[in-house]
Amino acid sequence: MNALHSCELCPRRCGVDRQAGERGFCRAGADAEVFRYGPHHGEEPPLSGTHGSGTIFFSRCTLRCLYCQNYPWSQQGDGTAYGPDAFAEIFRVLHTAGCHNWNLVSPTPWIPHVQQALSGLREEGISLPVAYNTSGFESLETLARVEDMVDIYLTDLRYACEGSALEGSGRADYASIAREAILEMWRQKGPLQFDDDGIATHGTICRLLILPGRAEEAVDNLQWLAATIGPGIAVSVMSQYTPAFRAPGMEGWHRRISRSEYDRVADVVGDLDFDIGWMQEFEGDAPDELIGFTMEPGSGI
Ligand code: SF4
């Protein structure tokens, strides 16, 4: 795994030798670390299908969002280190369980491990569509590296301005990096495609999380997607923001989104007329849980 000797797998380009025990910003080590895996039914309908999306929640993350709901494993390192054979077994278990895809959540620091595992499994004839579930904070070099491995990009696009990105995730340049990355994802995979059962097999989905006080940034990103890529990109607009981790004590981040913020984004989504998309219902102050998507594939928003 040469990439680990001088790790530049994400835009932070730490250059640390993870094989020698050095750790960079994300704190990822030499062995793959996974917090949890299993069939997941809370993704967009063409990913979850009827048997679930074979989701692998990796430990570590290349961003540190102050409101991260996954912070015990993304930022504090909870999880288990797996050697190559045990790591490949995770994919085998999800395949045997009948999952529709392998859904890699925050996989960037672990790409060499995934490539090694998948190459062995494919030699055995075991294969599923691979969904690359990312914050969008990706380098073009890494996207080139995974082009042949990935079938579906499932990417966030969170901020449109530098101040929010710096405050929320510690990188003022997030939006410019993510937008460039999404253009490359779209170039590689294009629009979402489905099998006869409506399960996604290939393509690109962009997720936009509405952040409190920042509905206009979601609007900006939706307009950018429509103008730059066009209505063919599948969008998934999420209203589930919950002030987790450090957010409860942070002015501007300590509340859920308001009804008016939700309505503002919903109006713009309707106007832009994307071919395929989903929008979570407004939950107000309801408990933190993923709610159903209102739209079916192909029906538009
Ligand atoms: S994946 Fe981790 S160690 Fe590698 S460049 Fe990114 S933050 Fe640094």
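**Entry 1**

I'm looking at a predicted model. I checked the confidence and found a mean pLDDT of 93 for the protein, with 94% of its residues at 70 or more. I then looked at residues 285–301, where the pLDDT is below 50. That stretch still has 36 contacts in the model beyond near neighbours in sequence.

**Entry 2: strand β6 and its partners**

I went to β6, residues 152–156. Which strands does it pair with? On the β8 side (residues 200–209), I find five bridges, and the two strands run parallel. With β5 (residues 130–134), there are four bridges, again with the strands running parallel.

I followed threonine 155 in both directions.

Together with helix α5 (residues 140–146), they make a right-handed β-α-β unit.

**Entry 3: is β6 buried or exposed?**

I counted five of its five residues as buried, so β6 is largely enclosed by the rest of the structure. I checked each face: Ile152, Leu154 and Asp156 are buried on one side, and Tyr153 and Thr155 are buried on the other.

**Entry 4: arginine 158**

Moving on, I found arginine 158 in the loop between β6 and α6 (162–169). Buried or exposed? I get 25 other C-beta atoms within 10 Å; the cut-off for buried is 20 or more, so arginine 158 is buried. Leaving aside neighbours within four places in sequence, I see arginine 158 in contact with Tyr174 and Leu209. I also took the distance to serine 176, 18 residues apart along the chain: the C-alpha atoms are separated by 11 Å.

**Entry 5: histidine 5**

I looked up histidine 5, which lies in the segment before β1 (32–40). Histidine 5 counts as partly exposed, because it has 13 C-beta neighbours inside 10 Å. Not counting residues up to four places away in sequence, histidine 5 touches Asp17 and Gln19.

**Entry 6: around the ligand**

Which residues come nearest the ligand? Of the 15 around it, I noted Cys7, Cys10, Cys14, Gly24 and Cys26. I sorted the shell by type and got nine nonpolar, three polar and three charged residues.

Notes:
Residues are numbered from 1 along each chain as its sequence is written. This is a predicted model: local features need pLDDT of at least 70, side-chain atom pairs count only at pLDDT 80 or more; totals for chains, interfaces and linings use all residues. A residue is near a molecule or strand if its C-beta atom, placed from the backbone, lies within 6 Å of it. Ala, Val, Leu, Ile, Met, Phe, Trp, Tyr, Cys and Pro count as nonpolar, Asp, Glu, Lys and Arg as charged, and the others, Gly among them, as polar. A residue is buried if 20 or more other C-beta atoms lie within 10 Å of its own, exposed if 12 or fewer, and partly exposed in between; C-beta atoms are placed from the backbone. Two strands pair if DSSP finds at least two bridges between them. A crossover is right-handed if, with the strands pointing away from the viewer, the path from the first strand over the helix to the second runs clockwise. Two residues are in contact if their C-beta atoms, placed from the backbone, lie within 7 Å. pLDDT is the predictor's confidence in each residue, from 0 to 100.
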